[in-house]
There are 2 protein chains.
Amino acid sequence: MKIGEIAKAAGVTTSRIRFYEKRGIIAPAARGANGYRDYPEELVALLRFIEQAQGLGFTLREIASVEVRSGPHPISCDEAIRLLSAKRDAVDALIAEAKERMRKIDTLIGELRENQESPKE
Amino acid sequence: MKIGEIAKAAGVTTSRIRFYEKRGIIAPAARGANGYRDYPEELVALLRFIEQAQGLGFTLREIASVEVRSGPHPISCDEAIRLLSAKRDAVDALIAEAKERMRKIDTLIGELRENQESPKE
DNA sequence: ATAGGGCTTGGACCTAGGTTTAAGGTCAAG
DNA sequence: CTTGACCTTAAACCTAGGTCCAAGCCCTAT
C-alpha cells in the first residue's frame with residue numbers, strides 16, 4: 001500500500017505518517033522500485049493503536065517505547081501492562097483532583113447564590 | 001513583594017511569572033520607583049490556582065478567561081456565577097472524559113492479561 | 001505527450017508552555 | 001566603592017506534535 005492509501009485507511013494524514021517515521025514511532029517503510037513507501041496492511045492497525053494510545057494520554061515517546069520493540073503485535077507484554085497500570089493510576093489521581101476542584105467550585109457557586117438571594121449583609 | 005520572593009512563595013520560576021504576564025494570564029504588576037515588579041501577597045494564591053488548574057488539564061487560555069477578568073475590575077455576582085458554572089461544566093466534562101479513558105485502559109489491561117495467559121495464537 | 005494527481009525530500013512554520021541568554025540597571029553589605 | 005544577588009528587557013531556544021511548502025520525480029488517462 002502506498003502512503004496515501006494507508007493514510008486514508010487509518011484516518012491519518014500522510015505527513016503524520018512520515019513524521020512518525022522520522023521520529024522512530026514507526027519503523028521505516030520498505031520502498032518500491034520508484035522510491036515510494038510500501039506499507040503492509042497491518043500498519044493500519046498500528047496507526048489506529050497509536051491514535052488510541054494518544055487518546056489515553058500517552059506521549060508518542062511512551063508509545064514508541066512499547067511499540068517499536070514488540071513488532072506487529074504491539075500490545076502484548078509485561079511492559080505494556082506496567083505502562084498502562086501507571087497511566088491508570090495517573091488518570092485516577094486526575095479524577096480525584098478534578099472532583100475536589102468541582103467540590104470547591106460548587107461551594108463557591110453556592111455561596112454566591114446565597115449572596116444574591118440576600119444581597120444585604 | 002518582588003518577583004523572586006513571590007516566585008519562591010508560590011513555587012514557580014520568575015521567568016514563568018513574566019511569561020504569564022506577557023500572555024495576559026495574570027495582570028501586569030505594579031512597578032516600584034526602580035522599575036521592579038511589586039506584587040500583592042494574594043498573587044501567591046493565584047499562581048497556585050493556575051498550577052492546579054493546569055494539573056486538571058486546563059490550558060492557560062482557559063485559565064486566563066476567568067482570571068484576567070476577576071483581576072482589575074471586580075465582576076458582578078451574576079457573571080461570577082456564570083463563569084464558575086462554565087468552569088464547573090468543564091471540570092465535569094473532564095471527569096467524564098477521564099473516566100472513559102480509565103475504562104478503556106482497564107479494558108486494554110484485561111485484554112493484555114488474557115493474552116499473557118494464552119500466549120501465541 | 002501533456003495534464004493531473006500522488007509521491008519524494010528537506011526545511012520552514014505553527015501552537016503551547018515555557019527556559020535561557022545577553023546586556024544592562026539597582027541595591028545592600030563589607 | 002566594589003561585589004554579588006537581584007531586577008529589567010527582548011529575543012533566541014526548547015520539546016511536543018504536527019502542518020505546509022517548494023522543487024522535482026512518477027504514474028495514469030486521454
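**A tour of the salt bridges and the A–B interface**

Over all chains the structure holds ten salt bridges, each a side-chain nitrogen of Lys or Arg within 4 Å of a carboxyl oxygen of Asp or Glu. This is a predicted model, in which local features need pLDDT of at least 70 and side-chain atom pairs count only at pLDDT 80 or more, while totals for chains, interfaces and linings use all residues. Residues are numbered from 1 along each chain as its sequence is written, and side-chain values use heavy atoms, with hydrogens and water left out.

Select A:R37 and A:E21 to begin: their closest N and O atoms are 3.1 Å apart in a salt bridge. A:R37 lies in strand 2 (residues 37-38) of chain A and A:E21 in helix 2 (residues 14-23) of chain A, so the pair ties together parts that are 16 residues apart in sequence; helices (H or I, at least four residues) and strands (E, at least two) are DSSP runs.

Next, show both chains, where the contact (heavy atoms within 4.5 Å) takes 30 residues from chain A and 29 residues from chain B. The two chains bury about 3000 Å² between them, 74% of it on carbon and sulfur atoms, this being the accessible area (1.4 Å probe) lost on being put together, summed over both. In chain A, select A:L56, A:I81 and A:R101, which lose the most area to chain B.

Finish at A:R88 and B:D106, whose side chains meet in a salt bridge (2.7 Å, N to O).

Definitions and conventions
Chains are lettered from A and ligands numbered from 1 in the order in which they are written.
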